[in-house]
Amino acid sequence: MLVTWAYRVRKSLMGSFDPRARWIFSFAFLISATQFWDARFLVVLFVLAFLWYFSARVPFKETRRAWTFVWFLLLIMIVVNTILTGGGAGGVVPEGGHVVWPNGIPIPLTAWHFHFGLTYERLWFALCQILRIGGISAVFVIIPFSMDPRSYGVTFRGLGFPDKFAYSMELAFRYVPTIARDFGVTVDAQRARGYEVEGSGGGIFKQILRTAPLIVPVTMNSILTGEDVANAMDLRCFGRGPRTWLYKLEYHWQDYLLIAFSILLLLASLAIVYGLKLGDFWVPEFLIRMIS
Amino acid sequence: MQNKSLWKFGTREVVYSAIGAALYAVLGIATNFLQLPSAGNVSFRPAVAIPMFFGIAFGPVVGFIAGFLGNIIADLVSGYGFWVWWDLGNGLMGLVAGLMAFSFVGFKTQGTLLKAELFVILGVVVGMGVASLSEMWVSGADINTVIFGNFIPAAVANLVNGLILVPILMIAYDAVVSRSGK
């Protein structure tokens, strides 16, 4: 049995747009957002992303799980890669900067100081990461909740992909919830046999080997299912000629508006970054003055 | 098996590309929280073995789509957005590993497994090399950051995962092939 994405039909502004126009907007937004590390531009894009997100009228309780996951990842990314090690800020935040604890953090009951190289610039970069990744997430997280999975194939075909590739993409999107369910069932079944998913110890090699009882059954089961699906498609003469799609997409005036806005957004972003040479990582003057 | 074209993209390949991509996405999402410390937002994904295995089992086109599309879906669902060069790098891992497809008879002979390990190494180096170098253009990172912050953590993590899990998947698939006679 196939299970589907958490999509429900609902009347909304986002739902009134053609899926192709929505993908064009999403990618135009993505390319625009990835041009900037300047918080002033990122705030504008962040607001735009959430206006778009709320136009889908999807209740928070439906997306709560996805958001918990996004914020958890973001938190790890920021805490580990930006605040603790600075690796994630490499190439964007200039070397040096204003250290938060120039004399180190005193360790209680000792005369020692823990020297932690966290800078105000890295903290500001963490804020920029929240704005940038939060905005991108808002635009993309909402897709599975607001776009009919039956329209994926015809949408990608309509965007210019070849028939077979478009169908492969549609199948992949449709398979994700099914495989996610199979994965959950496998985890439960292995746990019932005494398998510890979060088992500790044994080093990195043991940890990887520990994933094999989950990865192998799910993979082999999917391959066997795939054989049946391929046979069924062959019986229906898949790929013998140009494919027709059950759902037909048509652009309306609001789609042309959205596409025009997307192109404008993209061109404006590129003009700001490459024409005006703005948009690089920037720390506000008042923050520097406050620190000094 | 040897008579098949390496670059064929028929019904089976369409289906296995989709399954490979969905598997990579689901298993990738399940382990995306394992961030590599001090690396530029690179996560530790045992699931990277999937595109490489699908490349070896079903050909380079399937390996490429499984890696490329699987990474796109995993990143979209995880909220990472769309990083086309890293998607391409993941696709290349599957494609290069898949270049050995159909040049062997059994999946669990010692020679085949050794060859697979060699192609896994090649795939990871090429795929992660392309993806990491793209950071110089995308993020404006310098070569040191690219090598030490992106390439080495990503390549080492993917190599360890691929070298361990790909042979396990090949041996398991050999049993499936022998039983189903396909």
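Ser168(A) sits in helix H7 of chain A, which covers residues 163–192. In this predicted model, Ser168(A) has a relative accessible area of 0% and is therefore buried. Its contacts, once neighbours within four places in sequence are set aside, are with Val14(B), Ser17(B), Ala18(B), Ile65(B) and Leu69(B).

Ser17(B), one of the residues in contact with Ser168(A), is also touched by Val62(B). Val62(B) belongs to helix H3 of chain B, residues 60–78. Its relative accessibility is 0%, so Val62(B) counts as buried. Besides Ser17(B), Val62(B) touches Glu13(B), Tyr16(B) and Phe54(B), residues up to four places away in sequence not being counted. The chain also brings Gly20(B) into this account: 42 residues separate Gly20(B) from Val62(B) along the sequence, while their C-alpha atoms are 7.7 Å apart.

Chain A can be followed from helix H1, residues 19–33. Its 15 residues should span 21 Å at 1.5 Å a residue, and the C-alpha atoms at its ends are 21 Å apart, so the two values agree. Twelve of the 15 residues of H1(A) are buried, and H1(A) is therefore largely enclosed by the rest of the structure. The buried residues include the aromatic side chains of Trp23(A), Phe25(A) and Phe29(A). Arg20(A) and Arg22(A) are buried too, as are Ser26(A) and Ser32(A). Pro19(A), Ala21(A), Ala28(A), Leu30(A) and Ala33(A) complete the list.

Next comes helix H2 of chain A, residues 39–54, which packs against two other helices of the chain, H4(A) and H9(A). Two packed helices are described by the angle between their axes and the distance between the axes. For H2(A) and H4(A), the latter being residues 120–141, the angle is about 25 degrees and the axes are 8 Å apart. Angles under 35 degrees count as roughly parallel, so H2(A) is roughly parallel to H4(A). H2(A) passes H4(A) in a left-handed crossing. On the H2(A) side the contact is made by Ala39(A), Leu42(A), Val43(A), Phe46(A), Ala49(A), Phe50(A), Trp52(A) and Tyr53(A). H4(A) contributes residues including Trp124(A), Cys128(A), Arg132(A), Gly134(A) and Gly135(A). By class, the residues of this contact are 14 nonpolar, two polar and one charged.

The axes of H2(A) and H9(A), residues 253–275, come within 13 Å and cross at roughly 165 degrees. This angle makes the two helices roughly antiparallel. Here too H2(A) passes its partner in a left-handed crossing. Phe41(A), Leu45(A), Leu48(A) and Trp52(A) of H2(A) meet Leu258(A), Phe261(A), Leu265(A) and Ile272(A) of H9(A). The residues of this contact are eight nonpolar, no polar and no charged. Trp52(A) takes part in the contact with H9(A) and in the contact with H4(A).

Most residues other than glycine have a negative phi. Arg57(A) has a positive phi, near 55 degrees, and is found in the loop between H2 and helix H3 (60–84) of chain A. Arg57(A) counts as exposed because its relative accessibility is 57%. Lys277(A) likewise has a positive phi near 55 degrees; its place is the loop between H9 and helix H10 (285–291) of chain A. With a relative accessible area of 63%, Lys277(A) is exposed.

How values were computed. Residues numbered from 1 in each chain as written. Chains lettered and ligands numbered in written order. Predicted model: local features only at pLDDT ≥ 70, side-chain atom pairs only at ≥ 80, totals over all residues. Heavy atoms only, no water. Axes fitted to C-alpha atoms, helices over the stretch in contact; angles between N-to-C directions. Helix = DSSP H or I, 4+ residues; strand = E, 2+ residues; numbered from the N terminus. Parallel < 35°, antiparallel > 145°, perpendicular 65-115°, else oblique. Left-handed = near helix turned anticlockwise from the far one by under 90°. Contact = heavy atoms within 4.5 Å. Nonpolar A, V, L, I, M, F, W, Y, C, P; charged D, E, K, R; others polar. Expected span 1.5 Å × (residues − 1). Buried < 20%, exposed > 50% of the residue type's maximum accessible area, 1.4 Å probe, protein only.
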